[in-house]
Amino acid sequence: MISLATRLGSRAVLNTSLVMGASILSRLVALVVVVRMATYLGPTDYGRYTSMVAYSALVSVLADFGLNTLYTREAARNPEQQPTFLGTLLAGKIPLAVLATLVFSLVLAWSNLGDLAVPAAALLILTTYSSLLRNTFYALGRLEFEAVAILVETAIQAGGIILGARAHAGVAYFVGAYAVAYGFTVCYCLVVIGLFRMGGLRLAVDWRLLRSWLQLAFPFALGSFLTNLYFKADVPILQHTQPFSEVGWYEFAYKPFEALQFVPLAVQSVVYPLLGVYFRGRKDLLGPAYERFFKVLVVLGWPLSVGTCLLTHPIGGIFHLYPQSEPALRILSVAIVLLFANSAFSAMLLATDRQGLFAWTTGIAVVINIGLNLIVIPRFGYLAAASTTVITEAAFSVLGWYFVGREFRLRWFRATWRVLLAGLLMGVVLVPFMHVRSFHLLALGVLCGGLVYLAALWLLRAVSREEMQLLIAGVRRRAQDV
């Protein structure tokens with residue numbers, strides 16, 4: 001167990017770099033092509049597309065049932081049993097996929113989106129199997145294969161969207177284009193897992209294992225559903241109380257905010273198996289790893305919050321956001337750093353077998369989110385939905401910090417005050433660029449702000465020598481492995 005912890009720990013920094021590098025490029029390309037799709041479809045059809053995506057996120061929990069997350073943790077802890085785990089889940093999830101497809105079709109029909117049912121169902125099923133298979137890379141620390149999957153998947157999606165816009169395709173086509181990309185990922189993962197002997201595949205169902213995992217995974221499933229609910233519940237409420245065009249305005253503003261979510265998720269996906277291993281075999285390392293994880297996320301998230309808030313207008317001009325989307329994006333920018341910090345709390349609760357507390361945390365946040373949305377969205381529309389998102393993220397932060405802190409105390413201000421100050425200094429530099437419309441001036445502003453932020457981090461000693469040594473050690477160990 002200790003050797004496994006050492007191996008995952010030594011690779012954690014480089015794995016994070018690999019996934020983040022591929023994800024950054026992927027998200028930039030995806031953002032550009034989604035802007036192309038949104039401007040082509042217009043607010044109404046784009047609102048129909050994003051409404052389907054929101055319903056898919058909610059129903060996808062039935063197809064997954066928390067098994068993907070549980071598989072990552074258990075395969076990291078017991079790599080010798082990974083083939084049995086994967087083979088059981090590949091077959092065992094078929095009834096779940098059928099049930100999810102039926103429910104999804106009914107929901108789309110009820111929401112006047114029935115014409116999207118077939119491609120949307122294909123997208124739902126291929127997405128859940130793609131996620132299951134690629135979680136093998138995370139569990140075993142082989143993120144170089146995940147980086148390839150991200151890049152090729154993005155290329156397929158981008159090509160499909162560009163061709164669809166040129167061919168004047170309808171909404172159903174774009175849903176199908178995404179399904180094709182995830183279908184490629186499924187095939188790719190199956191080939192790579194077998195070819196590079198990452199445990200392999202045993203196409204046999206261990207029914208005792210499946211029954212026990214369904215029980216263990218239920219808190220994961222509940223937590224996932226509640227998470228999707230408080231991220232996506234505003235869209236169904238908005239869709240049923242306002243025109244589809246207003247959904248389009250809100251979701252287009254949400255797109256840059258959503259595009260940044262990959263950063264904490266990428267870091268969390270790499271660190272989460274490590275925390276799970278530490279919890280079982282090296283609890284003395286768990287607390288320091290948690291604090292370092294939290295600090296890294298704040299280092300990444302805080303400048304994005306400050307920068308997005310101050311540069312909303314030029315970002316809207318460069319990316320051709322609908323004019324109505326800019327006020328919503330400025331509101332949502334406040335939640336970026338909260339979103340990053342919440343990944344640390346979520347990973348700790350799940351890695352330390354506290355799925356129940358994670359479900360409680362998310363459940364309380366959902367009650368706050370849905371309650372506020374039901375009150376304010378019918379009256380104030382999409383701007384109210386953006387404000388409620390910020391309040392929900394703040395509530396999750398407080399609850400997550402409290403529940404994790406019952407055993408692992410986090411002095412968050414002591415760990416991050418230098419980072420917060422560095423971000424404010426960066427913000428002063430960005431103020432003159434708040435109303436520029438040129439891409440070159442915006443790039444100049446981002447460059448200047450970034451350099452000031454990095455310099456402030458160094459001058460304030462916000463990043464410790466120990467953390468720099470961890471980076472060097474991770475790279476050296478990976479070089480030895482290769």
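**E153 and a helix pair**

Colleague: Which helix is E153 found in?

Modeller: This is a predicted model, so to speak: local features need pLDDT of at least 70, side-chain atom pairs count only at pLDDT 80 or more, and totals for chains, interfaces and linings use all residues. Residues are numbered from 1 along each chain as its sequence is written, and side-chain values use heavy atoms, leaving out hydrogens and water. Helices are DSSP runs (H or I, at least four residues), numbered from the N terminus. The run that holds E153 covers residues 143–166, helix α6.

Colleague: Is E153 buried or exposed?

Modeller: Buried means under 20% relative accessible area, exposed over 50%, partly exposed in between (1.4 Å probe, protein chains only). E153 has 8%, so the residue is buried.

Colleague: Which side chain forms a polar contact with that of E153?

Modeller: Beyond four places in sequence, E153 is in contact (heavy atoms within 4.5 Å) with S130, R134, A181, Y182, F184 and T185. A polar contact is an N or O pair within 3.5 Å, one able to donate a hydrogen and the other to accept it. At 2.4 Å, the partner of E153 is T185.

Colleague: At what angle do α15 and α16 pack?

Modeller: Axes are lines fitted to C-alpha atoms over the stretch in contact, and angles run from 0 to 180 degrees between N-to-C directions. For α15 (residues 336–351) and α16 (residues 355–380), the axes lie 7 Å apart, at about 145°.

Colleague: Which residues of α16 meet α15?

Modeller: The contact residues divide into four nonpolar, three polar and no charged. From α15 come S346, L349 and L350. Facing them in α16 are Q355, L357, F358 and T361.

Terms used
Helices (H or I, at least four residues) and strands (E, at least two) are DSSP runs, numbered from the N terminus. Ala, Val, Leu, Ile, Met, Phe, Trp, Tyr, Cys and Pro count as nonpolar, Asp, Glu, Lys and Arg as charged, and the others, Gly among them, as polar.
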